[in-house]
Amino acid sequence: MTTTLPDETLLLDDTACLRAAARFVREHDSAALLPLLLPGLGGPDLRALAGHCRFAHAGLLLFPSDADGLRTQLADCGLAVDTPSHPSVVVRERLARRHRRDPAELDVRILRPHVLGSAGERRAVEVFALTVPPHSDLEPIAAYERTRRHEAHLAFKVEYPEPLALRGLCAILARHGARPDGGGYNPHEDGTVLYFTLPDAACDYERLELYARGDHRDTLAAHLDQPRHEVRQPAETLLHLLTGAWTTQALATFARLGLPDVMDPRTACRTEDLARLTGSHPRSLAVLLRYLAMLGAVIQDPGQEKEKEKEKEKEKEEDGFRLTELGALLRADTPGSMRPLALMYGGPFYRSFGGLDHAVRTGEPAFDHLFGENHFDHFARDPELAALFDRSMAASSRMFQPLPAHPVITAAAQAPAAATVVDVAGGNGELLGRILTAHPRLRGVLLERPHAVEAARRLLDAAGCGARCDYRTGDFADVPPGGDVYVLSRVLHDWDDDRCREILRHCVRAMPPHADLLVVERLLPVDGSPSLATAWDLHMLCNVGGRERRADHYARLFAEAGLQLMGHSPLPLDAHVLHARRAGAPDPAAGRN
């Protein structure tokens with residue numbers, strides 16, 4: 001490849017490009033931008049992308065002569081000159097390949113000065129800065145890259161980058177003409193980027209980036225479609241899949257030992273120190289930590305060379321390990337901790353999955369076959385296990401984050417008379433607490449089993465909204481009447497169709513004509529694309545006896561119970577909220593008024 005270009009290309013103004021990028025970031029939002037990048041995108045695919053991703057930044061490559069030159073460019077564009085930077089691994093490697101240079105010759109830094117979107121959203125301009133001293137042999141590279149704009153792109157951050165969801169997003173982009181264009185994992189910030197070219201984009205940017213926190217190199221390998229010798233052969237792929245149980249137990253053990261709680265994300269800890277803090281065998285713990293590093297839960301930092309005075313020789317100090325953002329989710333005290341899920345999936349549900357063949361042969365839950373009773377009764381007889389189950393349900397509460405802003409909830413909050421939200425089988429009150437905290441005028445009613453009601457009372461009191469909530473103990477037949485909004489969150493997937501219809505009819509009998517029903521569930525994709533719902537469908541079969549369903553399946557259940565599905569919208573973690581009203585009911589706003 002040649003890097004010589006006409007002389008006029010050297011006149012291109014980096015500062016003008018930077019200013020234009022900052023203006024673009026300020027003026028556009030995700031929902032309007034995605035159809036510009038992917039003409040023809042709409043319907044469920046647009047909702048899926050917009051629901052899982054948010055417009056994060058515009059990226060470009062600049063060529064300052066030195067650090068002072070870069071600061072001057074930032075200042076001229078009204079961007080923070082003191083924005084921190086770190087090495088850019090991905091772009092440096094791409095430049096090295098394009099120009100057949102040694103990566104060590106290319107000093108590429110990445111920095112992200114903040115820019116506010118049109119509605120005050122926190123965004124950025126992602127600046128890749130390749131230092132090009134005057135009269136250096138890097139000037140032809142700068143001239144070539146200025147005209148080709150290979151690194152100019154628009155980035156969307158994946159909010160909750162589970163592997164299945166990430167692959168599903170890649171599949172949607174591919175369906176609409178986006179072509180894979182490289183990517184990589186940057187250990188300096190523990191993030192994975194997937195680049196796509198957009199041949200039909202209706203704007204000045206022809207590349208799109210998906211950015212996902214964490215190490216997603218399996219997804220990256222599929223995205224890059226590496227040469228055959230670099231891709232797992234079928235036997236290796238199968239072996240990798242067969243060891244998935246080891247992954248579950250490694251993460252569960254990580255949580256049981258309390259390792260995330262004694263590790264630091266910034267400073268590496270020696271294995272000996274971690275063993276002492278957790279009462280573990282040092283060598284065995286090192287084996288576990290190396291496996292967890294492969295999973296991305298920890299990062300292994302090489303030790304330094306040191307001289308031991310007694311032995312009078314140099315030897316390598318034991319490697320240390322530090323916590324990643326992924327591993328920190330298993331801390332006991334972190335907001336949204338997923339530790340209870342690790343303990344549940346590595347505990348009773350792990351044991352029951354050993355009987356999956358029984359469930360497939362008979363249609364009966366393997367949990368019932370193993371423990372002699374259904375999981376609700378089994379947990380109810382063990383207070384500690386029941387509490388763990390409730391905490392594990394709350395561990396996925398990040399799917400609830402957008403719900404307080406749902407139009408049904410906001411309409412109830414703005415009604416002249418104080419409205420009431422009834423959370424049926426509301427667990428420990430996590431969802432109801434979020435809604436009441438966001439809307440101080442709303443009141444709540446929570447229906448649950450006795451032990452769960454006490455846990456919910458403590459949580460809502462701690463959140464400062466307990467005084468606005470009433471608590472009812474009972475079953476689905478005891479749904480309180482007179483509410484304005486009813487909520488069924490992750491309830492219906494526990495049951496077969498007959499029981500679902502029964503539960504929905506109990507709700508209909510309690511609902512006034514103006515009331516709304518919000519149902520939170522994962523929806524099976526209609527096209528068979530990767531989804532967490534598919535995995536949870538297997539979990540329901542094995543452990544509960546319920547199932548995940550498609551939206552049209554729920555619509556039939558609603559209709560048979562006297563409800564009408566008004567629509568559904570995506571939530572984090574591949575969930576959706578379905579909105580239903582009583583069939584033939586009047587406008588609920590009129591009823592509240």
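Reply: Let us begin with a definition: a salt bridge is a side-chain nitrogen of Lys or Arg within 4 Å of a carboxyl oxygen of Asp or Glu. Side chains of opposite charge can pair when their charged atoms come close. Please note that the model is predicted.

Me: Which residue forms a salt bridge with Asp181, and how far apart are the closest N and O atoms?
Reply: Arg207 does so, with its closest N–O pair at 2.9 Å. This pair joins distant parts of the chain, for Arg207 belongs to strand 9 (residues 207–213) and Asp181 to strand 7, 26 residues apart. Asp181 also meets the side chain of Arg94 in a salt bridge, at 3.7 Å from N to O. Here too the chain positions are distant: Arg94 is in helix 5 (residues 89–99), and 87 residues separate it from Asp181 in strand 7 (residues 179–186). A network of salt bridges links Arg94, Arg98, Glu145, Glu151, Asp181 and Arg207.

Me: Are Arg207 and Arg94 buried or exposed?
Reply: The general idea is that buried means under 20% relative accessible area, and exposed means over 50%. Arg207 has a relative accessible area of 5%, so it is buried. Arg94, at 8%, counts as buried. Asp181, at 24%, is partly exposed.

Me: What is the relative accessible area of Arg266?
Reply: The value is 67%, so Arg266 is exposed. Its side chain meets that of Asp264 in a salt bridge of 3.5 Å, N to O, and Asp264 is partly exposed at 21%. In total, the count comes to 35 salt bridges.

Me: In what order do the three strands of the open sheet stand?
Reply: The order is 10-14-11, with antiparallel pairing. Strand 10 (269–270) and strand 11 (298–301) are at the edges with a single partner strand each, so one side of each has no neighbour in the sheet. Four bridges join strand 11 to strand 14 (residues 320–323) in the antiparallel sense. Ile299 stands opposite Arg322 in strand 14.

Me: How many helices and strands are there in the protein?
Reply: The protein has 27 helices and 21 strands. Its radius of gyration is 27 Å, close to the 25 Å that the globule rule gives for 593 residues, so the protein is as compact as a globular protein of that length. Of these 593 residues, 50% count as buried.

Key:
Residues are numbered from 1 along each chain as its sequence is written. This is a predicted model: local features need pLDDT of at least 70, side-chain atom pairs count only at pLDDT 80 or more; totals for chains, interfaces and linings use all residues. Side-chain values use heavy atoms; hydrogens and water are left out. Helices (H or I, at least four residues) and strands (E, at least two) are DSSP runs, numbered from the N terminus. The radius of gyration is taken over C-alpha atoms; the globule rule is 2.2 Å times the number of residues to the power 0.38. Buried means under 20% relative accessible area, exposed over 50%, partly exposed in between (1.4 Å probe, protein chains only). Two strands pair if DSSP finds at least two bridges between them.
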